[in-house]
Amino acid sequence: MSKAVRIERHGGPQEMRVVDVQVGEPGPGEVRIRHYAVGLNFIDVYQRTGLYPFPMPLQLGMEGAGVIEAVGEGVTHLRAGDRAAYASNPPGAYCEVRVMPAQCVCRLPDAISFETGAAMMLKGLTAQYLLKKARPVEGLEPGDHVLFHAAAGGVGLIACQWARALGLRLIGTAGSDAKCQLALDNGAAHAINYAREDFAARVKEITGGKGVKVVYDSVGKDTWDQSLDCLRPFGLMASFGNASGPVPPFAPGLLGAKGSLYVTRQTLFSHIATREATQAMADDLFAVVAGGQVNIRIAQRYPLAEVQQAHRDLEARKTTGSTILTP
């Protein structure tokens, strides 16, 4: 048996309940993992509320770290006793033990703790594909400006550090002076408090009127229109979340009028669709974390039993960096 967090219907944090579930043996291509820590992400909120609908009942959670207890037929990259971490579909990480597909589960290097592994997989792999793969048509070179919204969040703080390591000048936005300072402390070249500044005007000022080559936006509705105004001609709007709500429909002709812009809406799970791609991206992430270029800041820890409060704090923008749940 395992303690697990499930919902019976979409709704608010109060819908989450800790229940006992039966955990069986892994089938072909599966592993059974005992969690030491579990990551909290905004995608969990989207799935809980029904923005990303799932059949009920639903066990939430997309990333975790722990020890492999058993492997199913055909699994060759892991064995019982291995330390492991993952960001993976289907949801189900909010638990003590689970059986899950092995494809996106990676062996966790000894130099990286379970807590760090749980806090970094979904967010770190997201930062990896944004900076390395979701790139503007003219490419990115050291010295280029990029704009990153929610720069003090879990993905944002990793991106600030990784962008600095790549020689990029990241302009971060956040909703308070304290969060802006946190982004600066983690490698952002500039930080804009969008609660009291016009971030589009400030971006133009910072870039000498040119704009940025790419905007990375997980906020959605509230930042979309102004973000387009931050882009230079042929720039890329890279949307990867909807924290303020989905982006409303817009006319494609708007992109032409604003400088022949590009728009992409990407998800991590398109990038980790194969075992080989997952491992290559994870190896890149492990290298920058173990090498010290990127530090994973775990600012909040909650027992699994306090998952409702964890979601409330996340939605209220009270969190910074990464958050973990401990089974």
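In the predicted model, the protein chain exposes about 13,100 Å², of which carbon and sulfur atoms supply 51%. Buried residues account for 55% of the 327 residues in the chain, and the secondary structure consists of ten helices and 16 strands. The radius of gyration is 20 Å, close to the 20 Å that the globule rule gives for 327 residues, so the chain is as compact as a globular protein of that length. Along its principal axes the C-alpha trace spans about 60 × 40 × 35 Å. Of the contacts with a separation of 6 or more, 70% are made by residues 24 or more positions apart.

Helix α9 was examined in detail. This helix comprises the 16 residues 275–290, which at 1.5 Å a residue should span 22 Å, and the distance of 22 Å between its end C-alpha atoms agrees with that expectation. Its buried residues are R275, T278, M281, A282, L285, F286, V288 and V289. Viewed down the axis of α9, these buried residues fall within an arc of 165°, so they line one face of the helix. In general, an α-helix has 3.6 residues a turn, so residues three or four places apart point the same way. The partners against which the buried residues of α9 pack are β8 (105–107), α2 (114–132), α3 (154–165) and α8 (268–271). Just after the helix, G292 takes a positive phi of about 90°.

In one of them, the rings of F148 and F240 have their centres 5.9 Å apart and their planes at 55°, so the pair is tilted. This pair links distant parts of the chain, since F148 belongs to strand β9 (residues 145–148) whereas F240 is in the loop between β13 (231–239) and α7 (253–257), 92 residues away; both F148 and F240 are buried. The rings of W224 and F250 likewise form a tilted pair, with centres 5.6 Å apart and planes at 45°. W224 lies in helix α6 (residues 224–229) and F250 in the loop between β13 and α7, so the pair ties together parts that are 26 residues apart in sequence. W224 is buried, with a relative accessible area of 5%, whereas F250, at 33% relative accessibility, counts as partly exposed. Elsewhere, ring pairs link F42, Y46 and Y52 into a cluster.

Several features of the backbone remain to be described. A cis peptide bond with omega of about -5° joins M56 and P57, and P57 is found in the loop between α1 (42–49) and β4 (58–59). A cis peptide bond also joins N89 and P90, again with omega of about -5°, and here P90 is located in the loop between β6 (83–87) and β7 (97–101). Positive phi values occur in residues other than glycine as well: phi of A150 is near 55°, and S260 has a positive phi of about 55°. A150 lies in the loop between β9 and α3 and is partly exposed, with a relative accessible area of 29%. S260 lies in the loop between α7 and β14 (262–265) and, at 37% relative accessibility, also counts as partly exposed.

Notes:
Residues numbered from 1 in each chain as written. Predicted model: local features only at pLDDT ≥ 70, side-chain atom pairs only at ≥ 80, totals over all residues. Heavy atoms only, no water. Helix = DSSP H or I, 4+ residues; strand = E, 2+ residues; numbered from the N terminus. Expected span 1.5 Å × (residues − 1). Buried < 20%, exposed > 50% of the residue type's maximum accessible area, 1.4 Å probe, protein only. Arc of directions from axis to C-beta. Contact = heavy atoms within 4.5 Å. Rg over C-alpha atoms; globule rule 2.2 N^0.38 Å. Areas by Shrake-Rupley, 256 points an atom, 1.4 Å probe, with all protein chains shown as cover. Phe/Tyr/Trp six-rings, centres within 6.5 Å; stacked < 30°, edge-to-face > 60°.
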